[in-house]
Amino acid sequence: MKGMAMLPDDTTCALCSESIWIRLGPESGAESDEDANMLPEPSASASRRVVAEDDDEQVVPDDVILHDCPAGHHFHWQCFLSHTEPETYCPACHVAVIPPDDDDARLLATIRNEGGQEDDFDLRPVLIEERLFATAPQLRTHAALCSACFTGDEASVLDILSNPSLSPPETTHLLNTPDTDKHWTPLFYAAVAGHAGIVAFLLNNGADPNHRDRFEHVPAQYASEEGHAEVLDLLRGARSVY
Ligand SMILES: [Zn+2]
Ligand SMILES: [Zn+2]
């Protein structure tokens, strides 16, 4: 029955040929076979309607539409991100969607997903980051670590840094690698957000409290600006012995 649910239209992804419409189960994410069986049979009059509001199941788009593809190709988000064309071409029809030599050109697209619709989304930074991650997977780990430090997710910080596939020098390297944006190491993210437990943990594992970012600031400056006294004490103490 699963493939029988009504879809709003028959738009397909130009890379994998599957429908751009995906079905989200009930909130619990539990098996929904029973619910699927209770869907009304698709009929001619109803086949172009979105599923009824009181239905447990939701049909949502996973859709990327390049503004400058003349064919109006649609893509799934993941299919689009994993394509191998340079970001200046439509991966389906290979037409140039931005001038190949213009490094500042934006790759505008309409993005539709369960969160809604965004009409002028610049895909280029996302694609560049994806490619960077593909060539250097440790950057993805680094991004995850920075994010966990910022949100105060101690479990994830511990998880990432105790990954058995990382050697101690690799762990230290991960801790002291700056990101490409502000040249912040994970310690900056934990410091600015005031997560003392994570700051202490990073320092104990070899994070450099004297690392300077793009603005020549050290993490302690952000902790001070934000009024995180405990974090500031930790960083000052570490700086004096480092
Ligand atoms: Zn696809
Ligand atoms: Zn195209």
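Predicted model: local features only at pLDDT ≥ 70, side-chain atom pairs only at ≥ 80, totals over all residues.
T12 sits in the segment that comes before strand β1 (21-24).

**Around T12**
- T12 has 16 C-beta neighbours inside 10 Å, so it counts as partly exposed.
- If you skip residues up to four places away in sequence, T12 touches S17, E18, S19 and I20.
- H73 is 61 residues away from T12 in sequence, yet their C-alpha atoms are 8.8 Å apart in space.

**How α7 and α8 pack**
- Helix α7 (residues 186-193) packs against helix α8 (residues 196-204) at an angle of about 155 degrees, and their axes are 8 Å apart.
- Angles over 145 degrees count as roughly antiparallel, and α7 and α8 are therefore roughly antiparallel to each other.
- The crossing of α7 past α8 is left-handed.
- On the α7 side you'll find P186, L187, A190 and A191, which meet I198, V199 and L202 of α8.
- Sort the residues of that contact by type and you get seven nonpolar, no polar and no charged.

**The nonpolar cores**
- The largest nonpolar core has 27 residues, and C149, A190, A191, V199, L202 and L235 have the most contacts inside it.
- Elements giving two or more residues to this core include α4 (138-151), α7, α8 and α10 (229-241).
- Leaving out neighbours within four places in sequence, A191 is in contact with V199, P219, Y222, A223, V231 and L235.
- Another core lies apart from the largest one; it has 17 residues, among them C13, V64, F80 and I98.

Note on methods. Residues numbered from 1 in each chain as written. Chains lettered and ligands numbered in written order. Axes fitted to C-alpha atoms, helices over the stretch in contact; angles between N-to-C directions. Helix = DSSP H or I, 4+ residues; strand = E, 2+ residues; numbered from the N terminus. Parallel < 35°, antiparallel > 145°, perpendicular 65-115°, else oblique. Left-handed = near helix turned anticlockwise from the far one by under 90°. Contact = placed C-beta atoms within 7 Å. Nonpolar A, V, L, I, M, F, W, Y, C, P; charged D, E, K, R; others polar. Core = buried A, V, L, I, M, F, W, Y, C linked by C-beta atoms within 7 Å. Buried ≥ 20, exposed ≤ 12 C-beta atoms within 10 Å, placed from the backbone.
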